[in-house]
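I am opening a notebook on a structure that is new to me.

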Amino acid sequence: MQEASLTIGDRTVTLPITVGSEGEMAIDISNLRKETGFTTFDRGFGNTAETKSAITFIDGEKGILRYRGYPIEQLAENADFLEVAWLLSSGELPTRPQLETFTEEITSHSLVREDMKHLFEAFPHAAHPMQILASEVSAMASYYPDALNPNDEEAVRISTTRLISKVITMAAWSYKYRVHQPYVYPRNDLDYSSRFLHMMFSVPAEEYEPDPVISNALNTLFILHADHEQNCSASTVRIVGSGQANLFSSIASGIHALSGPLHGGANQSVVEMLTEMVEQPGDVGHWVERAKDKDDPFRLMGFGHRVYRNFDPRAMIIKKVAQDVLDMLGLDDPLLDMAMELEKIVLDDEYFVSRKLYPNVDFYSGVIYRAMGFPTDMFTVLFAIGRMPGWIAQWNEMHRDPTTRIGRPRQIYTGETERNYPGIDGS
Ligand code: ACO
């Protein structure tokens, strides 16, 4: 076993080195505090591996993303989203009969309990659909009390099916409620993406026929979002689950984590930013200058990533899908033109180049969602649908790992040292 040695003052300790299957190396500091009294300090877990994981591999320098070893480019081009969902959870691609059975199972659970409809109605119509979705998922724990034990494999399997199946129904209904339209029930003769599109855009007065171009593009987008190793929401799901919270509560926490504009909420922010840029014609460079000004809180949304320091491979695929979808639909979107112009300027700008800030997955996804007819505040919900199998796979992996401990970071206390309580009238 390889070891590292650490010298603090006149004391040297040896620390084991853990090596991953792609050669990543980590110094195991689990016993550091016990042996030296020192802890480690790492804001935002920028250089801390909390777990070993066999699900997703990212090489941020080379722009590589693989699920269970399969390059994202191959999966995005050829696979079905439910096939990828199976892959993430089981570790292997399904055989054709396995995929058929899995798809049938997911399809047969598409209805949401009728009494859960009242939950939607408890929200103001202006509520953000991410908040509604998180609450619905959280409520599932109360509607399915038979399947909450995280250590019961069959309970987890049925909860997984229910989540992947019902999330599109709940997502569509959160939108329908918002726009004062009747809920549309799932049509099980449609594939997963088409079923979702149908529930989103059909009204009793007019049946919506999902266009295969749009269904296929949505399938690709779901695949691109399906997992991304230990990001903010996946880590949230793991840490909540590590306290033995049930799957529904853990996933609801992940949805909340994803909603923030620095995480999944960025796809909505990108479109809002591009719209503002288009509506205030002028020099695009002005926005770039604002983003560079440390006294201005404005940031270019859709640029930068904690891990990718070269390019985000998902952004490259999405850019092409965006162009294809717009071409096939015969649309010309000023937002796409603006996005391309902005990207060009940024990729040539020393500030962004030196900080390795490239377009991320959210930069072009909003443009496609818009072309498909989704309202801006549904964009992050679409991300959540795609990410569902990844969160579940991460949660399962954490539970099956016998070395898992409850997530509990340390801190460096910087507050007052001990002082005596003076009483309310004391000085
Ligand atoms: N615009 C302008 N400057 C930026 C941007 C940006 N979008 N992103 C980072 N920077 C700058 C920072 O100001 C910092 O500059 P400094 O070194 O001079 O202080 C430097 O680049 C490093 O940035 P950090 O914030 O330290 O990078 P971190 O890894 O912590 O944050 C994040 C990554 C949150 C994605 C950040 O790049 C950002 O805010 N981007 C915009 C929001 C966004 O698109 N989020 C989606 C990410 S993808 C996803 O979650 C699915």
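**Entry 1: terms.** Before I start on the helices, I note what the word covers: helices are DSSP runs of H or I with at least four residues, numbered from the N terminus. I also note that this is a predicted model.

**Entry 2: the cavity.** The largest cavity has a volume of about 40 Å³. Which helix gives the most to its lining? I found that α7, residues 153–178, does, with three residues. I then listed the residues that line the largest cavity: Ala147, Leu148, Asn149, Pro150, Ala155, Val156, Ser159, Asn246, Leu247 and Trp395. I sorted this lining by class. Seven residues are nonpolar, three are polar, and none is charged.

**Entry 3: another residue of α7.** I stayed with this helix and picked Ile158, which is found in α7. Is Ile158 buried or exposed? Its relative accessible area is 16%. Buried means under 20%, so Ile158 is buried. I also checked a distance across the model. Ile158 and Asp337 are 179 residues apart in sequence, and their C-alpha atoms are 45 Å apart in space.

**Entry 4: the ligand.** Next I turned to the ligand and its surroundings. There are 22 residues around the ligand, and Arg299, Leu300, Gly302, Arg306 and Asn360 come nearest. By class, this shell has 11 nonpolar, five polar and six charged residues. Two helices each supply at least two residues of the shell: α16 (350–354) and α17 (361–372).

A backbone N or O atom of Leu300 lies 2.7 Å from a nitrogen atom of the ligand. For Leu262, a backbone N or O atom lies 3.1 Å from a ligand nitrogen. Arg306 uses its side chain: a polar atom there lies 2.8 Å from an oxygen atom of the ligand. How much of the ligand does the protein cover? On its own the ligand has 920 Å² of accessible area, and the protein covers 77% of that.

**Entry 5: the loop between α16 and α17.** I went on to Lys356, whose place is in the loop between α16 and α17. Its phi is near 55 degrees, a positive value in a residue other than glycine. Lys356 is partly exposed, because its relative accessible area is 36% and that class runs between 20% and 50%.

Entry 6: Where does Gln244 lie? I found Gln244 in the loop between α10 (232–242) and α11 (247–258). Gln244 is not glycine either, and its phi is positive, near 70 degrees. With a relative accessible area of 44%, Gln244 is partly exposed.

**Entry 7: helix α3.** I wanted to know how covered this helix is. Helix α3, residues 81–90, is mostly covered, with seven of its 10 residues buried. The buried ones are Phe81, Leu82, Glu83, Val84, Ala85, Leu87 and Leu88. Then I looked at both ends. At the start of α3, a side-chain oxygen of Asp80 reaches to within 3.0 Å of the backbone nitrogen of Leu82. Just after α3, Gly91 takes a positive phi of about 100 degrees.

**Entry 8: sequence against space.** I compared separation along the chain with separation in space, C-alpha to C-alpha.

- Asp324 and Ala217 are 107 residues apart in sequence, and 9.0 Å apart in space. Asp324 is found in helix α14 (residues 313–329). It is partly exposed, at 28% relative accessible area.
- Ala122 and Met328 are 206 residues apart along the chain, and their C-alpha atoms are separated by 40 Å. Ala122 lies in the loop between α5 (117–121) and α6 (129–143).
- Lys52 and Gly20 are 32 residues apart in sequence and 8.0 Å apart in space. Lys52 lies in the loop between α1 (32–36) and β4 (56–59).

Why do I list Ala122 as exposed? Exposed means over 50%, and Ala122 has 64% relative accessibility, so it counts as exposed. Lys52 counts as exposed too, at 63% relative accessibility.

Definitions and conventions: Residues are numbered from 1 along each chain as its sequence is written. This is a predicted model: local features need pLDDT of at least 70, side-chain atom pairs count only at pLDDT 80 or more; totals for chains, interfaces and linings use all residues. Side-chain values use heavy atoms; hydrogens and water are left out. A residue is near a molecule or strand if one of its heavy atoms lies within 4 Å of it. A polar contact is a pair of N or O atoms within 3.5 Å; within protein, one must be able to donate a hydrogen and the other to accept it, and residues adjacent in sequence count only if both atoms are side-chain atoms. Accessible areas come from the Shrake-Rupley method with a 1.4 Å probe; for residues, only the protein chains shown count as cover. Ala, Val, Leu, Ile, Met, Phe, Trp, Tyr, Cys and Pro count as nonpolar, Asp, Glu, Lys and Arg as charged, and the others, Gly among them, as polar. On a 1 Å grid over the protein atoms alone, a cavity is a set of points where a 1.4 Å probe fits but cannot get out, and a pocket is an open set with protein on both sides within 12 Å along at least five of seven lines; lining residues have an atom within 4 Å of a point. Grid points are joined across faces, edges and corners, and a volume is the space filled by probe spheres set on the points. Buried means under 20% relative accessible area, exposed over 50%, partly exposed in between (1.4 Å probe, protein chains only).
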